[in-house]
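Visitor: Hi! I have a model open and would like to talk it through. Could you walk me around?

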Amino acid sequence: MKKSLLAALLGAVSIALAGVSVDAVAQAGAPAPKPKTVKKLKKSKKAQAKEAAKVDPVPDGADTWNCAEGAVMYLKGDMSKDMVMTLHWKDRNYKLPRVITTTGADRFYDTATGFDLVVIPTKAMLFDDTGDRERLADECKTDDMAHNGALAPTQSNALKNGQQ
């Protein structure tokens, strides 16, 4: 009896090693292995609420840019000189490095968040480059641009005016 039990076990193992499906092993009389479940770690509701309530302050000295459809963004830095601008968007601060362009537009793009800020002399636009390149904000202007007809403080405008 011990020999027949051992032979049955060896047969089941060899069938499993040969790549036969679990269904075929089950039909042969061997019990099917139970599938393993993976537990996902969930954050507690308290931790989720704390994370959602986290708000970055608007950086000191940031310029307010009012956009179409009531959107507002804040930019800190000297657009004509700085290689990184700080964008405050929807209660969070993001560091956007400058991308060199040949069009005269100033472009600041962060690969981690997908935020792409494009500033031309008459307005700024904020894109989300993580999917369908959605435009998050359009027609963004400072008060000086909106009320006095001033141009955006872009690098090309600074060069034209001899400020650099």
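**A buried arginine and its surroundings**

Guide: Happy to. Let's begin with Arg98, which counts as buried because its relative accessibility is 10%. Keep in mind that this is a predicted model.

Visitor: Which residue forms a salt bridge with Arg98?

Guide: Asp106 does, and the closest N and O atoms are 3.7 Å apart.

Visitor: And is Asp106 buried or exposed?

Guide: Asp106 is buried, with a relative accessible area of 2%. The cut-off for buried is under 20%, so Arg98 at 10% qualifies, and Asp106 at 2% does too.

Visitor: What else is in contact with Arg98?

Guide: Met83 is one of its contacts; setting aside neighbours within four places in sequence, Met83 touches Leu96, Pro97 and Arg98. Met83 sits in the loop between E2 and strand E3 (84-89). Its relative accessibility is 47%, so Met83 counts as partly exposed.

Visitor: How far is Met83 from Phe108?

Guide: The C-alpha to C-alpha distance is 8.5 Å, while in sequence Met83 and Phe108 are 25 residues apart.

Visitor: Which residues make up the nonpolar surface patch?

Guide: Met83, Val84 and Ile100 make a nonpolar patch of about 310 Å². Ile100 belongs to the loop between strand E4 (92-99) and strand E5 (106-109), and it counts as exposed because its relative accessibility is 69%.

Visitor: Let's switch to cysteines. How many disulfides are there?

Guide: A search of the whole structure turns up one. The disulfide joins Cys67 to Cys140, with an S to S distance of 2.0 Å. The two ends come from distant parts of the chain, 73 residues apart: Cys67 is in the loop between strand E1 (63-66) and strand E2 (72-76), and Cys140 is in strand E8.

Visitor: Why is that disulfide right-handed?

Guide: The torsion about the S-S bond of Cys67 and Cys140 is about 110 degrees, so the disulfide is right-handed. Both Cys67 and Cys140 are buried.

Visitor: What stands opposite Cys140 in E8?

Guide: That would be Ala124. Strand E7 (residues 123-128) pairs with E8 in the antiparallel sense, over four bridges. E7 and E8 form a hairpin with five residues between them, and in the turn Arg133 has a positive phi of about 55 degrees.

Visitor: Which residue does Arg133 bridge to?

Guide: Arg133 forms a salt bridge with Asp129, where the closest N and O atoms are 3.6 Å apart. Arg133 is partly exposed, with a relative accessible area of 34%. Through salt bridges that share partners, Arg107, Asp116, Asp129 and Arg133 are joined into one network.

Visitor: Zooming out, how many helices and strands does the protein have?

Guide: The protein has five helices and eight strands, in the order α-α-α-β-β-β-β-β-β-β-β-α-α along the sequence. Buried residues make up 28% of the 164 residues.

Methods: Residues are numbered from 1 along each chain as its sequence is written. This is a predicted model: local features need pLDDT of at least 70, side-chain atom pairs count only at pLDDT 80 or more; totals for chains, interfaces and linings use all residues. Side-chain values use heavy atoms; hydrogens and water are left out. Patches are made of residues with over 30% relative accessible area and no salt bridge: like charges are joined within 9 Å, nonpolar side chains (Val, Leu, Ile, Met, Phe, Trp, Tyr) within 5 Å. Accessible areas come from the Shrake-Rupley method with a 1.4 Å probe; for residues, only the protein chains shown count as cover. A salt bridge is a side-chain nitrogen of Lys or Arg within 4 Å of a carboxyl oxygen of Asp or Glu. Buried means under 20% relative accessible area, exposed over 50%, partly exposed in between (1.4 Å probe, protein chains only). A disulfide is a pair of cysteine sulfur atoms within 2.5 Å. Contact means heavy atoms within 4.5 Å. Two strands pair if DSSP finds at least two bridges between them.
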